[in-house]
Amino acid sequence: MSTAQIAFLKGHGTENDFVIIPDHDGRIELSPAAVARLCDRRAGLGADGVLRVVRSAAHPEARAMAAEAEWFMDYRNSDGSIAEMCGNGVRVFARYLRHAGLVEAGDLAVATRAGIRRAHIAKDAPDGTPGDITVGMGRAVLPGGEVTVTVGGRSRPARNVNMGNPHAVTFVDHLDDAGSLYDAPGVAPAAAYPDGTNVEFVADRGPRHVAMRVHERGSGETRSCGTGACAVMVATARRDGLDPSVTGLPVTYTVDVPGGRLVISEAPDGTVEMTGPAVIVAEGVFDPSWLAAALA
């Protein structure tokens, strides 16, 4: 890692928060241990994950997407592990690009490990309030087979939903039924999720309106999860007998998360869109020598 000070920003999407590392030319290497220390809420900067901002042409995993998407979101969970996608992260990533003057309001393509995600940055309100950001999240995949989630000795059926990353969605009467989500709930069979999974607990709030809590793989319970909210919307719609590919009609649900509210829609062609806020709250620099000493 360079000995020069490294710039960072902090941002959040419905309180799912991230350390943003601008590294446009792909010169900074962040080890899993370094990411975990940056995300440490007591000994580091504190976050649910790290968003490294790299030009697609400068990153070996994204070069093939460079013609369609100039920017690659190199996303890491707070434990340092690599994740395929992060829906809230895409919104915050897009907000950073707009904040830095690298893009204008309007349509934007972002390269991720789950493929290209297309975003739309709404114009700011007259009072300067940043506009919401809508992200095309791709199509949900619904693998077959029974899945169960176990908390406090009680097992519940769950829906296996893949939004570019894996989810197990289960329904509860009260969100407190999820218990403490600091540790990962039990999920079976293990073969359904060979690389682990995110787990969402969902309670009804009204017509096409639900609330959720989530254990994010590699991060523990977080205040929000964008891909999780999309998985929840799809699982809830199917539970309610709604499938846009069958009816030919789009379906929209409001999904409340501990950190705010997201609006999720599924079109007849199966594409899912997520709309919500994204905010930059701070920016500064950190000294790599601190990080090196902390990891020594």
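Two strands pair if DSSP finds at least two bridges between them. I wrote that down before anything else, along with how strands get their names: helices (H or I, at least four residues) and strands (E, at least two) are DSSP runs, numbered from the N terminus.

**Ground rules.** I'm working with a predicted model, where local features need pLDDT of at least 70, side-chain atom pairs count only at pLDDT 80 or more, and totals for chains, interfaces and linings use all residues. Numbering runs from 1 along each chain as its sequence is written, and side-chain values use heavy atoms, with hydrogens and water left out.

**Entry: strand β8.** In β11 it stands opposite G186, and in β9 it stands opposite S155. So what sense does the pairing of β8 and β11 have? I found it antiparallel, over 3 bridges, with β11 covering residues 186–188. β8 also pairs with β9 (residues 154–162) in the antiparallel sense, over 5 bridges. Next I sorted the side chains of β8 (residues 147–151): V147, V149 and V151 sit on a covered face, T148 and T150 on an uncovered one.

**Entry: salt bridges.** For these I looked for a side-chain nitrogen of Lys or Arg within 4 Å of a carboxyl oxygen of Asp or Glu. How many salt bridges does the structure hold? I got 21.

R41 and D17 make one of them, with the closest N and O atoms 2.7 Å apart. R41 is in the loop between α1 (32–39) and β3 (49–55) while D17 is in β2 (residues 16–22), so the pair ties together parts 24 residues apart in sequence. For burial I used these cut-offs: buried is under 20% relative accessible area, exposed is over 50%, partly exposed is in between (1.4 Å probe, protein chains only). D17 counts as buried, at 11%.

**Entry: R238.** I found R238 in a salt bridge with E266, at 2.8 Å from N to O. R238 belongs to helix α3 (residues 226–239) and E266 to strand β16 (residues 260–266), so this pair ties together parts 28 residues apart in sequence. Is E266 buried or exposed? It is buried, at 4% relative accessibility.

R238 also forms a salt bridge with D243, the closest N and O atoms being 3.7 Å apart. R238 is buried at 19%, whereas D243 is partly exposed at 21%.

**Last note.** Salt bridges with shared partners join D23, R52, E61, D74, R76 and R113 into one network.
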